[in-house]
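Please examine the sequence and the three-dimensional structure shown below. The paragraphs that follow treat a helix pair, the nonpolar cores and several individual residues in turn.

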Amino acid sequence: MEKFLEQIGSAEESNENVAEVEKEAVRNLKDLGLDFGYLKNKLTLDIGAGAAEIAAVAKNKGIEVVSLDLNPGMWAAQGVKIPDVPYVRASAEAMPFPDKKFDLIISHAGPLSIVPSKKLIASIITEAKRVLKDGGELRFGPGNLNSEVFTTEELFSQEEMTLFTREQRIERIEQKSLEFLKSLDPRITQEKIDEPSGDLAKHFYRLKKAVDWIGK
């Protein structure tokens, strides 16, 4: 492993805990339209990895996943065990990796889904494209962007504010999320999840990095 990869080890898990971690990891990948077979032979970066469940399960399958999170200590403070996997303490807007490092970047309920700032989302996507290999891909979600990214006026007219149902509000946030993401890169697509894990996890976003990308 390269010198910027830290090892944040923990005690061994019980068989029951290992099974629960695998179930969670499989579910999280499925919400991004993925499975561990897809990750095979790809160097994968998990942004907003939290307790690194995906990397832990991948390691047992001989698959290389690097976890990145700004504050992994938060999980340990809550009594969550961090597995002995490559883990980087860093911001998603300034990742300590060289250009064209990863084949695949994933982010399940991570920064791209929760930050309340268009500027931050744009910075993370630009940074992700920088560290992706040509032809590599970014998948993030599930569900819409944080609604706080948009002003109320961007989302609804005064009449819509009064009349819209909860479902219509969610649909409007979905529409505006995709419009904004496509304004950052028109190649971003919204992909349906066949069996979503929750009511709001109906889709994820996917971006395949073109070979001609030049840092824009």
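A crossing of two helices is called right-handed if the near helix is turned clockwise from the far one by less than a right angle, and left-handed if it is turned anticlockwise. In this model, which is predicted, the crossing of α6 and α9 is right-handed.

Two packed helices are described by the angle between their axes and the distance between the axes. For α6 and α9 the angle is about 50°, and the axes lie 10 Å apart. Angles from 65 to 115 degrees count as roughly perpendicular and those under 35 degrees as roughly parallel; α6 and α9 are therefore oblique to each other. Which residues bring the two helices into contact? From α6 come Lys 118, Ile 121, Ala 122 and Ile 125, and they meet Phe 180, Leu 181 and Leu 184 of α9. Sorted by class, this contact has six nonpolar residues, one charged residue and no polar residues.

The next topic is the interior. In soluble globular proteins, nonpolar side chains tend to be buried together. The largest nonpolar core here has 34 residues, and the members that touch the most others are Leu 45, Phe 97, Ile 105, Ile 121, Ile 125 and Leu 138. Several elements each supply at least two residues of this core: the strands β2 (44–47), β3 (65–69), β5 (102–108), β6 (132–141) and β8 (203–208), together with the helices α6 (118–131) and α9 (166–184). Of these, α6 gives the most, with five residues. Another core lies apart from this one; it has 22 residues, including Ala 52, Ile 82, Leu 104 and Ile 106.

Individual residues in the strands may now be considered. Thr 44 lies in strand β2. Is this residue buried or exposed? Thr 44 has a relative accessible area of 0%, so it is buried. Leaving aside neighbours within four places in sequence, Thr 44 is in contact with Leu 39, Glu 64, Val 65, Val 66, Phe 102, Leu 104 and Ile 106.

One of these partners, Phe 102, is found in strand β5. Phe 102 is also buried, because its relative accessible area is 0%. Not counting residues up to four places away in sequence, Phe 102 touches Leu 43, Thr 44, Leu 45, Val 66, Phe 97, Val 131, Leu 132 and Lys 133. Phe 102 and Lys 129 are 27 residues apart along the chain, and their C-alpha atoms are separated by 9.6 Å.

Strand β3 holds Ser 67, which is buried with a relative accessible area of 0%. With residues up to four places away in sequence again left out, Ser 67 touches Asp 46, Ala 49, Ala 52, Ala 55, Val 85, Pro 86, Tyr 87 and Val 88.

The C-alpha atoms of Pro 96 and Leu 68 are separated by 10.0 Å, and the two residues are 28 residues apart along the chain.

Finally, helix α3 spans residues 53–60, and its buried residues are Ile 54, Ala 55, Ala 56, Val 57 and Ala 58. Just after α3, Gly 62 takes a positive phi of about 75°.

Conventions
Residues numbered from 1 in each chain as written. Predicted model: local features only at pLDDT ≥ 70, side-chain atom pairs only at ≥ 80, totals over all residues. Heavy atoms only, no water. Core = buried A, V, L, I, M, F, W, Y, C linked by side-chain atoms within 4.5 Å. Buried < 20%, exposed > 50% of the residue type's maximum accessible area, 1.4 Å probe, protein only. Helix = DSSP H or I, 4+ residues; strand = E, 2+ residues; numbered from the N terminus. Axes fitted to C-alpha atoms, helices over the stretch in contact; angles between N-to-C directions. Parallel < 35°, antiparallel > 145°, perpendicular 65-115°, else oblique. Contact = heavy atoms within 4.5 Å. Nonpolar A, V, L, I, M, F, W, Y, C, P; charged D, E, K, R; others polar.
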